Amino acid sequence: MNTLIAIAGLGILCLIAEIFNLRKAIVPVTIIGLLAILGLNVSEYMDLGLNTAIMERNEGFYNNMIVNNSFGMAFTGLFIVLTIFLVAMTPEFHKGHKAKLSDFVAIKLFLLTGAIAMVSFGNLAMFFLGIEVLSISLYILAASEPKNLKSNEAGMKYFLMGAFASGIILFGIALIYGATGSFDNAVIYSAILSGDLPGWFFIGIVMLTIGLLFKIAAAPFHMWAPDVYEGSPALNTATMSTLAKVASMAAFFKLMRSLNHEVSASYVAIIITVSILSMTVGNFMALKQNNVKRMLAFSGISHAGFMLMVLLNPPAMSGVLFYYAAAYALAGIAAFAVILYVTANKENEDIYQFNGLGKTSPLMAATLTLALLSMAGIPILSGFFAKFFLFSEVLKTGNVLIVIVAVANSIVSVGYYFKLILAMYTKDAAENTQKVPAAYGIVAVLSILLTIAIGLYPDALLGLLK
Amino acid sequence: MDVSFILIILLFGAVATYFVGDKWASKAALLFSTAAFAATLYVIYRYNIGEKVSYFHTWISKPRILLHFQADSLSLAMTALTTVLTPIIVLTSFGNMFPKTKSFYALILFMAFAMVGTFLSTDGLVYYIFWELSLIPIYFIALIWGSGDAESRKKAVVKFFIYTFAGSLFMLVSFIYLYTKTGSFLNTHLYNAHLTEKEQFWIFLGFFLAYAIKIPIIPFHTWQANVYQKAPAVGTMLLSGIMLKMALYSIVRWQLPIAPQAAAQYKYIFIALCIAGVIYGSILALKQTDLKKLLAYSSLAHVGLIAAGAYTLTIDGFRGAFLQMIAHGFVVVGLFYAAEIISRRYNTGEIADMGGIRIQSPKFASMFMILVMASVALPLTFNFIGEFEVLYSLAQTNIWFGVLGGTTIILGAFYMLRMFQQVMLGDKGAKVFADVTFGEGFVFALIIGVLLFFGVYPSPIADFITPDLQKVLLHINQIN
Amino acid sequence: METNLALLLLLAPLAGFLLNIFAGKKLSRNLSGTLGTIAVAVSFAVTLFFFMQVSSTKEPVMVNLFKWMTLANFDVNFAFQLDQLSLLWLMFVTGIGTLIHVYSISYMHDDENIHKFFAYLNLFIFFMITLVMGSNLLIMFIGWEGVGLCSYLLIGFWYKNQDFNDAAKKAFIMNRIGDLGFLIGIFIIGYLFHSVDYIDIQNAIVSGSFDVNDINNMTWLGVATLCLFIGACGKSAQIPLYTWLPDAMAGPTPVSALIHAATMVTAGIFMITRMNFVFDLTPDVQNIIAIVGAVTSLIAASIGLMQNDIKKVLAYSTVSQLGLMFLALGLGAYEIAVFHVITHAFFKACLFLGSGSVIHAMSGEQDMRNMGGLRKVMKVTFITFLIATLAISGLPPFSGFFSKDEILMTAFHHNKPLWVIGSVASIMTAFYMFRLLYLTFFKGFRGTEEQKHHLHESPSLITFPLVVLAVLALVGGAISLPGSSWLNEYLAPIISHPAEHHALGTTEYMLMGVAVVGALVGIGLAYAKYIKQGFVPVPDNEITGFAKVVYNKFYVDEIYTAIVVKPIYALGAFFKNVTEVALSGFIFGLGKVANAIGAQGRTVQNGSIGLYLFVFVLSVCSIIAYIFLK
Amino acid sequence: MENILQQIGIENYIYLSTLLFCVGVFGVLYRRNAIVMFMSIEIMLNAVNLLLVAFSTYHQDAAGQVFVFFSMAVAAAEVAVGLAILVAVYRNIKNIDIDNLKNLKG
């Protein structure tokens, strides 16, 4: 809870700093502040571990609006780390319009508060608020280049469809409320256990599910994602594809774990269908993309499909999801840091822009390669372990078919990840090199090192959610 | 000093090679790979006098993944093969100038690291990780330093990568499935997984896909010839000399003991497939116009025979397969080196453009001849020992397997001598062909020395590996 | 001591080989040859020593060096067995080997690669000794394949000529077909006896631990001996694997004499004699051997009638004689086969070396149509050649008469048709050998003026071996005279079932008479045609009718090409152009399909929010519908 | 209020809201004018608000009504952002027909 308030405060501080003309201090202060908050979060997490013998203790705040537990805090930590990376890259990316720097930083911070609310809610109202804060921030970020028609279009599409999805989520919440008489997770949970709920309760769950499937961009609710990713300014695409996607997935998982304890057969059928569809659509569509952002959008769709498999057996999967989310998001940050570097001052983000990167900037090329290999699931990078843990848990549930499909999809995915790698190493560069901006370089290297590190010590992350 | 030191030397060597810079990279690579070989020899020595050389460490607690490098004679033999071939392969590259030298040599050492890891790991997942890791360096080596038209090379290399990656994913699924059954990835636990026949079949098949593509066994071989041709010689040597041995080794180490009933039940089918590959590869080799492609198909034939030997589930087949693996590793490196020398001097891989080389370079011709003879398994070369034992085991399994597999000695002689005649003999010696330099001759002499020595006196290796092979076989027979 | 001596016997030629291959370039030509000769001579000396020892003690010398190969049921040792049989073989291998080395010093003097030549010859001797000395089938196999290699190297010695290389390749490959048979034979023997040691196998049969009444055992044993025989066919040029031998004449003449007449090609006979206790158990296979031998003998002799290349004639004659030896083997008369091997080694080596001398004089010309009248200039060569020719034609008292006559006699007692075939082949032999003699040495010279100018008797290094061999060809029959055979006695410990020895009765004398008359008829016909009529064979393009078929060796090579080689290439082309393309296309096709799906999918994603929302709502509706319908 | 719910069953409120919600959905699907689409989305949200209020009464629980305030506030914020984007779009292409926004595709 404290973290949430502190981050919101930090966001406001940013805005005030602009008023007092402390523009230069914004980013350093924000990063230091976020690091401090991360420390706070860690210490709270330690307390949690020390104070209780129970694996997952729900510590409620404000009438149980916010619940502090290991799940929420672990994800909070991940989100903060991601935000630090994103914020660190902001000044470099927006160096054209310095005046708006505080806005961009502040919006990211607010977005972070939304994300944190989404993983630590104890009440559906808080969940709804979180998801809306996150979404509205993203609408703004997507459309943040008002003179660029692509950005406008992206913002418009995202907004229209996002609002539409919000409506469906809201409808679902209303139905759940109608069925159980409360917005409080704990109450709803006990109501489910007592059984005998009206038929519309399940409809409510499904509506909620659909809304969240939209947010994580799972097929067939994915169609906005490629367009929005492509149109948005690249840094904001990075935000969407890493932080926003992971947060939505975590919220989805948390919600379903508490609301949908006994997963019904038809629900499983829906999840499996959507999962298979997402993986397949995402991977196959990505094969023929020229625009890297668009390609990563489809890749993100397929990863959403992978992550959806955690819903097949929620109680056992929280660690797996966290690991997968961390691996995916960190690799994504690393990839986007390189993309930002390469496509700065370019008119598009097509693959040919990456030609010859292996020669002109070996470090960045290596980083992007590792990031892509991680996403493709090549050991010893964390992406491999993410898939491996996921597959092992899913196989335990007996769903062999979906694992086979997932494996087949992994093979397809290699096709397009390698397209980019091939461009970097086998083609010649068209232009002279530009210096790697320090911010991008540091973020890229740090995030890829983290990716490798959690690959070498998966226990470190898996242990967090015990 | 335990086996992990070999890995550490190679990994450290890879990093160090990268950082010493282009000028010294090749020397550093040679130094570290030789050091790794020395370490291997020392480890084998310690193993022989009964000291502890295995390395155990828990890596991930849940799911339980262990860094277990259990050294037994089989893994040590293959490790020694890897570490002895690596410096040789590094040596073969000395005459060439490569762009981005440091990356090149660092990748070679890294690849050796991954391959040694594959041979040593006894934890299934760690094994799988090393298995996949070895794919990355060879991919880049073939892609960046390969020869020929960039587009077609890219196509070939990407196909190779995706194909082998695809195959190994099925192995991963098999491993995960086994883990859900036994709660462990350790091979000794997996051996006793008590699987039903149906489960065994599917697991066997999952492993088979991975191995069949890597070895390759027909009809999964289509990546091979193109990659061998397009990759730089060093890459081809790494691939054919060591990497495909990973799969052959794994058959004995993983596939057969884990699914022994399936192995026994379907062995005829798999042996037949392997032998079909022998004949198919041999006949195709006859029609090749490119030297490296010809060698690639000949390799296809030879490894098919090795795999067939392993699938016979007899001690002779196992031993023959292992001996032949080692012998084939040496001979194929030598042959590809010879091919590389020719194409380096003539700037072509087309057999039709060659000929009359013997006139100008008798030494080279003699060495090439010996390699050709080793390749066709002339007695007193190491290859004969392995091939004989494999064929013997095949004949014991079914006489027709012996006869059909044995056609390799006819067809092998056919295409190899035909190639030798077209490339080396005749009087088409218009083009200048300098005889071998001292460095080249040294490499050939090393390889030939090994092949002849163990051809006459194979007992050190055969006696070394036999007890552990018997253990594997005993396990398989117990379950059946 | 015995071990060391045996090693010296074995390794001396190897040392010669190594010396010549590594240092040969730096040595002078003569030194190179001398070293090679000494190496073989040393072996010969050691052999002589052992021969004396074993002749007196009757105990074989066994040398066990170390374990070579390990198999499930038995180990294979690097071990040698010097007994009567192997020593006999070693005697003429190293003996004739030494002579031919001496001959080669002069014959190859002008070749730029003379050191290689001697290296290969030494290596050949080394492998031949291994073949003969080995105490088990696998050691024999080392030599077996090794001599094949040397044969390959020496046939293709003049490697600039691709035709010669083709011949070398053909020899190696056809030998390998036989080798596969041999290998399979070894596999089965190993399976049946759990050993490949001769002594173990023999003991197993003698002691009864190998059950000869078990039908299953015997079937497998039959297959094994048949396979071994296939191996022998390859090495000893029997139908259907004989076609390489005439082509092998591409090699230098000393090679033809040593490898392709006297020693290597007799390896098949050695092997069968070695394994006689096994072959004796499989009479069906023995019948096959006899028939194949007889037919080979006849066919080769008939082809020999029409050949014009002096070495080709000798080559077919070799095949024919080998056929006779196999006939003897098939009839179970091992010692007679061995006898013929020895006499044949003498006279055939002499013939080849003589022809080499002729070719030397003719500056490389081998076509008899361009020779004639050489007896005046090449007296020594002519006389030695004449002696050898008389020996091979089977006229008493030359050595060939005794050995050939014994074979025919045995055939007569066992199987009359085979006797007829053998006799006809013998008559043909007499005919074509005298045809050769007449065309080469009689009448006038038919070559060019330049050749005529160049004609000369060969130097003494060449004529010396000729003389020695001619003497041996003359008196060699003495080792196994009818009635009192030293050889039979000597070999008695080796042969488990000696052939029945027929006392010299009327039948026997009659048979001898028939044989002699037959030979004389052959000689007479040749005389009539080539001396009386002075007939000279017509140029190639004028040969017609059946003569053409015979001249072209019954088109056997062409038939083999058509039914074996061509189909293999066709299959290769099919694999290359169809299956490989299809398999590769299938894999690439998967990728293409995936890409096509991706490309199609892009058209669906058309950028319209309306469509996106529509898909969204449609999906929602289908999910809700699914829930309600379920 | 209880009386009303007893006379008219809760299902009917659900049907009504659902109907209203569907009207909104169809509006979004049918219209191409961005403002009208916004309005349709507002109808959807309001349909839900109606439902929440009805349930609030049904359960005799104030939380539902509080939630409505949340949702109204959020909707307002959302529309504010939406209109801002709309203005930006209008500045660029001089109309607000969403069919003109088809540059991003494939």
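The points below cover one interface, a strand pair and a few backbone details. Please keep in mind that this is a predicted model.

**Where chain C meets chain B**
- On the chain C side, 39 residues are in contact with 45 residues of chain B.
- Four elements of chain C, namely β1 (61-70), α5 (137-155), α6 (162-193) and α24 (556-604), each bring at least two residues to the side that touches chain B.
- The largest share of that side comes from α6(C), with 14 residues.
- Sorted by class, the side of chain C that touches chain B holds 24 nonpolar, 7 polar and 8 charged residues.

**A strand pair in chain C**
- β1(C) also pairs with β2(C), in the antiparallel sense and over 8 bridges.
- A hairpin of 4 residues links β1(C) to β2(C).
- Strand β2 (residues 75-82) of chain C is mostly covered, as 6 of its 8 residues are buried.

**Cis peptide bonds**
- Ala219(A) and Pro220(A) are joined by a cis peptide bond with omega about 0 degrees, and Pro220(A) sits in the loop between α8 (200-215) and α9 (224-231) of chain A.
- In chain C, the bond from Ile239(C) to Pro240(C) is cis, with omega near 5 degrees; Pro240(C) belongs to the loop between α8 (215-235) and α9 (244-247).

**Positive phi angles**
- Asn21(A), in the loop between α1 (2-19) and α2 (23-51) of chain A, has a positive phi near 60 degrees.
- Asn21(A) counts as exposed because 8 other C-beta atoms lie within 10 Å, and the cut-off for exposed is 12 or fewer.
- Asn347(B) has a positive phi near 60 degrees and lies in the loop between α14 (315-346) and α15 (357-360) of chain B.
- Asn347(B) is exposed, with 9 other C-beta atoms within 10 Å.

Terms used
Residues numbered from 1 in each chain as written. Chains lettered and ligands numbered in written order. Predicted model: local features only at pLDDT ≥ 70, side-chain atom pairs only at ≥ 80, totals over all residues. Contact = placed C-beta atoms within 7 Å. Nonpolar A, V, L, I, M, F, W, Y, C, P; charged D, E, K, R; others polar. Buried ≥ 20, exposed ≤ 12 C-beta atoms within 10 Å, placed from the backbone. Pairing = 2+ DSSP bridges.
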